[in-house]
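Please look over the sequence and the model below before reading on.

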Amino acid sequence: MRFKNVFLGAGSMLHGTTVYIYFMIPEKWNIVPSYIDPEAPLSRVINDERWVIVGNTSAVIVAEDKNKIKRPIRLQLKVDDRKHFSDVDEWLLQKKREIRKKPRCSLKEAGRIRIREHEGAYSIWVENKKRFGVIGQQYSDANVACIFRCELTNRELTVKLRSEYPDMILLNKPTIKRILGSIACHERIRKEDEITVGEFPL
Ligand SMILES: [Zn+2]
(Lines give C-alpha, C1' and ligand atoms only; values in the text may rest on other atoms or scores of the structure.)
Protein backbone atom coordinates (compact mmCIF):
# COMPACT_ATOMS: atom_id res chain seq x y z
CA MET A 1 0.00 0.00 0.00
CA ARG A 2 1.30 3.44 -0.90
CA PHE A 3 1.34 6.13 1.77
CA LYS A 4 1.41 9.91 1.58
CA ASN A 5 2.76 12.54 3.92
CA VAL A 6 0.39 14.83 5.83
CA PHE A 7 0.67 17.08 8.85
CA LEU A 8 -1.42 18.65 11.58
CA GLY A 9 -0.79 22.32 12.11
CA ALA A 10 -2.32 25.45 13.53
CA GLY A 11 -2.15 28.90 12.01
CA SER A 12 -0.99 31.86 14.07
CA MET A 13 -0.92 35.54 13.09
CA LEU A 14 2.35 35.87 14.95
CA HIS A 15 4.26 32.74 13.97
CA GLY A 16 2.65 31.44 10.78
CA THR A 17 2.12 27.68 10.72
CA THR A 18 2.88 25.79 13.91
CA VAL A 19 3.18 22.01 13.59
CA TYR A 20 1.81 19.36 15.95
CA ILE A 21 3.06 16.32 14.03
CA TYR A 22 3.84 14.99 10.58
CA PHE A 23 2.58 11.52 9.72
CA MET A 24 1.61 9.29 6.84
CA ILE A 25 -1.73 7.88 5.69
CA PRO A 26 -2.61 5.53 2.82
CA GLU A 27 -2.52 7.35 -0.50
CA LYS A 28 -6.21 6.68 -1.14
CA TRP A 29 -7.30 7.99 2.25
CA ASN A 30 -7.71 11.66 3.05
CA ILE A 31 -7.68 13.98 6.00
CA VAL A 32 -9.97 16.96 6.56
CA PRO A 33 -10.24 19.48 9.40
CA SER A 34 -12.86 18.91 12.10
CA TYR A 35 -15.23 21.67 13.20
CA ILE A 36 -13.25 22.20 16.42
CA ASP A 37 -10.57 24.89 16.25
CA PRO A 38 -7.04 23.77 17.12
CA GLU A 39 -5.55 25.10 20.35
CA ALA A 40 -1.86 25.88 20.53
CA PRO A 41 -1.12 28.15 23.50
CA LEU A 42 2.58 27.24 23.64
CA SER A 43 4.99 26.65 20.75
CA ARG A 44 8.76 26.61 20.32
CA VAL A 45 11.25 26.45 17.42
CA ILE A 46 13.26 23.19 17.40
CA ASN A 47 15.13 21.85 14.32
CA ASP A 48 14.02 24.81 12.17
CA GLU A 49 10.38 24.04 12.81
CA ARG A 50 7.88 25.71 15.14
CA TRP A 51 6.25 22.92 17.17
CA VAL A 52 3.16 23.07 19.35
CA ILE A 53 4.43 22.25 22.84
CA VAL A 54 1.08 22.45 24.65
CA GLY A 55 -2.19 22.15 22.78
CA ASN A 56 -4.68 19.95 21.07
CA THR A 57 -6.26 19.48 17.70
CA SER A 58 -8.60 17.14 15.89
CA ALA A 59 -9.24 16.04 12.33
CA VAL A 60 -11.17 13.45 10.37
CA ILE A 61 -9.34 10.77 8.41
CA VAL A 62 -11.51 9.77 5.47
CA ALA A 63 -10.70 6.08 5.08
CA GLU A 64 -11.91 3.73 2.40
CA ASP A 65 -13.37 0.27 3.05
CA LYS A 66 -12.90 -2.77 0.81
CA ASN A 67 -15.89 -1.70 -1.33
CA LYS A 68 -14.30 1.74 -1.78
CA ILE A 69 -16.93 3.38 0.45
CA LYS A 70 -15.55 6.34 2.39
CA ARG A 71 -15.78 6.01 6.18
CA PRO A 72 -14.62 8.53 8.78
CA ILE A 73 -12.06 7.84 11.50
CA ARG A 74 -11.93 10.69 13.99
CA LEU A 75 -8.50 11.76 15.18
CA GLN A 76 -7.73 13.69 18.35
CA LEU A 77 -4.23 14.75 19.31
CA LYS A 78 -3.08 16.22 22.60
CA VAL A 79 0.44 17.48 23.23
CA ASP A 80 1.71 18.48 26.63
CA ASP A 81 5.06 19.32 28.20
CA ARG A 82 4.00 17.68 31.47
CA LYS A 83 4.55 13.99 32.18
CA HIS A 84 1.44 11.95 32.99
CA PHE A 85 3.14 8.55 33.35
CA SER A 86 6.66 7.36 34.13
CA ASP A 87 6.99 4.90 31.23
CA VAL A 88 4.88 3.31 28.49
CA ASP A 89 4.38 0.09 30.49
CA GLU A 90 2.76 2.02 33.31
CA TRP A 91 0.39 3.65 30.80
CA LEU A 92 -0.38 0.24 29.25
CA LEU A 93 -1.26 -1.32 32.61
CA GLN A 94 -3.46 1.63 33.53
CA LYS A 95 -5.19 1.71 30.16
CA LYS A 96 -5.88 -2.05 30.12
CA ARG A 97 -7.30 -1.88 33.64
CA GLU A 98 -9.50 1.10 32.70
CA ILE A 99 -10.93 -0.64 29.61
CA ARG A 100 -11.56 -3.94 31.41
CA LYS A 101 -13.42 -2.13 34.19
CA LYS A 102 -15.99 -0.65 31.79
CA PRO A 103 -18.83 -3.15 31.29
CA ARG A 104 -19.56 -2.06 27.72
CA CYS A 105 -15.95 -2.13 26.56
CA SER A 106 -13.90 -5.01 25.25
CA LEU A 107 -10.16 -4.83 24.78
CA LYS A 108 -8.99 -6.09 21.38
CA GLU A 109 -5.26 -5.47 21.41
CA ALA A 110 -2.65 -3.58 23.42
CA GLY A 111 1.12 -3.40 23.38
CA ARG A 112 4.21 -1.40 22.70
CA ILE A 113 4.78 0.36 19.39
CA ARG A 114 7.86 1.94 17.84
CA ILE A 115 7.21 5.51 16.67
CA ARG A 116 10.34 6.33 14.68
CA GLU A 117 12.96 7.08 17.40
CA HIS A 118 10.49 6.75 20.27
CA GLU A 119 8.99 3.92 22.30
CA GLY A 120 5.22 4.19 22.55
CA ALA A 121 2.24 2.11 23.59
CA TYR A 122 -1.22 1.63 22.14
CA SER A 123 -4.51 -0.04 22.89
CA ILE A 124 -7.49 -0.92 20.71
CA TRP A 125 -10.95 -1.53 22.15
CA VAL A 126 -14.61 -1.65 21.17
CA GLU A 127 -17.34 0.12 23.08
CA ASN A 128 -21.00 -0.89 22.79
CA LYS A 129 -23.35 2.05 22.99
CA LYS A 130 -27.05 2.71 22.95
CA ARG A 131 -28.63 5.46 20.92
CA PHE A 132 -31.19 7.63 22.65
CA GLY A 133 -34.79 7.02 21.71
CA VAL A 134 -37.61 4.60 22.23
CA ILE A 135 -36.02 1.70 20.47
CA GLY A 136 -32.58 2.31 21.97
CA GLN A 137 -30.75 0.87 19.04
CA GLN A 138 -27.34 -0.64 19.86
CA TYR A 139 -24.21 0.31 18.04
CA SER A 140 -20.54 0.13 18.75
CA ASP A 141 -17.45 2.11 17.97
CA ALA A 142 -13.83 1.09 17.78
CA ASN A 143 -11.17 3.13 19.56
CA VAL A 144 -7.42 3.45 19.48
CA ALA A 145 -5.29 5.29 22.02
CA CYS A 146 -1.55 5.75 21.61
CA ILE A 147 0.89 7.57 23.83
CA PHE A 148 4.58 8.35 23.62
CA ARG A 149 7.11 10.87 24.76
CA CYS A 150 9.41 12.91 22.50
CA GLU A 151 12.49 13.79 24.54
CA LEU A 152 13.79 16.04 21.74
CA THR A 153 10.87 18.45 21.95
CA ASN A 154 10.05 17.56 25.56
CA ARG A 155 6.46 16.66 24.70
CA GLU A 156 4.06 13.91 25.64
CA LEU A 157 1.80 13.03 22.71
CA THR A 158 -1.57 11.29 22.97
CA VAL A 159 -3.29 10.22 19.77
CA LYS A 160 -6.86 8.94 19.80
CA LEU A 161 -8.73 7.43 16.88
CA ARG A 162 -12.39 6.50 16.91
CA SER A 163 -14.75 5.17 14.27
CA GLU A 164 -18.43 4.36 14.38
CA TYR A 165 -17.59 1.81 11.70
CA PRO A 166 -15.57 -0.56 13.92
CA ASP A 167 -14.28 -2.57 10.94
CA MET A 168 -12.43 0.50 9.68
CA ILE A 169 -10.15 0.06 12.69
CA LEU A 170 -10.47 -3.66 13.48
CA LEU A 171 -9.87 -4.84 9.91
CA ASN A 172 -7.16 -2.24 9.31
CA LYS A 173 -5.00 -2.81 12.39
CA PRO A 174 -1.70 -3.12 10.44
CA THR A 175 -2.50 0.11 8.55
CA ILE A 176 -3.51 1.91 11.77
CA LYS A 177 -0.23 0.81 13.41
CA ARG A 178 1.72 1.97 10.36
CA ILE A 179 0.06 5.39 10.56
CA LEU A 180 0.96 5.66 14.28
CA GLY A 181 4.50 4.40 13.62
CA SER A 182 5.01 7.07 10.94
CA ILE A 183 4.45 10.01 13.30
CA ALA A 184 7.35 12.47 13.07
CA CYS A 185 7.40 14.67 16.16
CA HIS A 186 10.76 16.48 16.19
CA GLU A 187 11.75 16.81 12.54
CA ARG A 188 9.97 17.01 9.24
CA ILE A 189 9.50 13.69 7.39
CA ARG A 190 12.50 13.37 5.10
CA LYS A 191 11.99 13.90 1.37
CA GLU A 192 12.99 10.31 0.62
CA ASP A 193 10.23 9.09 2.96
CA GLU A 194 7.60 10.94 0.98
CA ILE A 195 5.78 8.95 -1.62
CA THR A 196 3.39 11.67 -2.58
CA VAL A 197 3.02 14.96 -0.84
CA GLY A 198 -0.42 15.94 0.38
CA GLU A 199 0.12 18.76 2.77
CA PHE A 200 -2.65 19.48 5.17
CA PRO A 201 -2.62 22.85 6.91
CA LEU A 202 -5.50 23.08 9.38
ZN1 LIG B 1 10.23 13.09 18.62
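Which residues does Glu156 touch, not counting residues up to four places away in sequence? They are Asp80, Arg82, Lys83, His84 and Arg149, where two residues are in contact if their C-beta atoms, placed from the backbone, lie within 7 Å. With Asp80, Glu156 is 76 residues apart in sequence, yet the two C-alpha atoms are 5.2 Å apart in space. Glu156 has 17 C-beta neighbours inside 10 Å and therefore counts as partly exposed; a residue is buried if 20 or more other C-beta atoms lie within 10 Å of its own, exposed if 12 or fewer, and partly exposed in between, with C-beta atoms placed from the backbone.

Two notes on reading the model belong here. Residues are numbered from 1 along each chain as its sequence is written. The model is predicted, and local features need pLDDT of at least 70, side-chain atom pairs count only at pLDDT 80 or more, while totals for chains, interfaces and linings use all residues.

The protein has 3 helices and 11 strands, the helices (H or I, at least four residues) and strands (E, at least two) being DSSP runs numbered from the N terminus. From the N terminus on, their order is β-β-β-β-β-β-α-β-β-β-β-α-α-β. The radius of gyration is 17 Å, close to the 17 Å that the globule rule gives for 202 residues, so the protein is as compact as a globular protein of that length; this radius is taken over C-alpha atoms, and the rule is 2.2 Å times the number of residues to the power 0.38. Taken along the principal axes, the C-alpha atoms fill a box of roughly 55 × 40 × 30 Å. Of the 202 residues, 31% count as buried, and among contacts between residues at least 6 apart in sequence, 60% join residues at least 24 apart.

Glu156 is found in strand S10, which covers residues 155-163. In a regular strand the side chains alternate between the two faces of the sheet. S10 has a covered face made of Arg155, Leu157, Val159, Leu161 and Ser163, and an uncovered face made of Glu156, Thr158, Lys160 and Arg162. S10 runs antiparallel to S6, to which 7 bridges join it, and Lys78 stands opposite Thr158 in S10; two strands pair if DSSP finds at least two bridges between them. S9 and S10 also pair in the antiparallel sense, over 9 bridges, and here Cys150 stands opposite Arg155 in S10.

The hairpin of S9 and S10 has 4 residues between the strands. Most residues other than glycine have a negative phi. Asn154, in the loop between S9 and S10, has a positive phi of about 55° although it is not a glycine, and its 16 C-beta neighbours inside 10 Å make it count as partly exposed. Lys68, in the loop between strand S5 (49-64) and strand S6 (70-80), likewise has a positive phi, of about 65°; with 7 C-beta neighbours inside 10 Å, Lys68 counts as exposed.

Of the 48 residues in the largest nonpolar core, Ile21 and Leu157 touch the most other members, a nonpolar core being a set of buried Ala, Val, Leu, Ile, Met, Phe, Trp, Tyr and Cys residues joined through C-beta atoms within 7 Å. Strand S9 (residues 138-150) gives the most to this core, with 7 residues. Beyond four places in sequence, Leu157 touches Ile21, Leu77, Val79, Ile147, Phe148, Cys150 and Cys185.

Val52, in strand S5, has 26 C-beta neighbours inside 10 Å and so counts as buried. Leaving aside its neighbours within four places in sequence, Val52 is in contact with residues including Ala10, Tyr20, Ala40 and Val79.

Helix H1 comprises 14 residues (88-101), which at 1.5 Å a residue should span 20 Å, and its end C-alpha atoms are 20 Å apart, which agrees; the expected span is 1.5 Å times one less than the number of residues. In H1, Val88, Trp91 and Ile99 are buried. Seen down the axis of H1, its buried residues fall within an arc of 60°, so they line one face of the helix, the arc being that of the directions from the helix axis to the C-beta atoms. What covers them includes strand S7 (105-115), strand S8 (118-130) and S9. On the other side of H1, Asp89, Glu90, Arg97, Arg100 and Lys101 are exposed.
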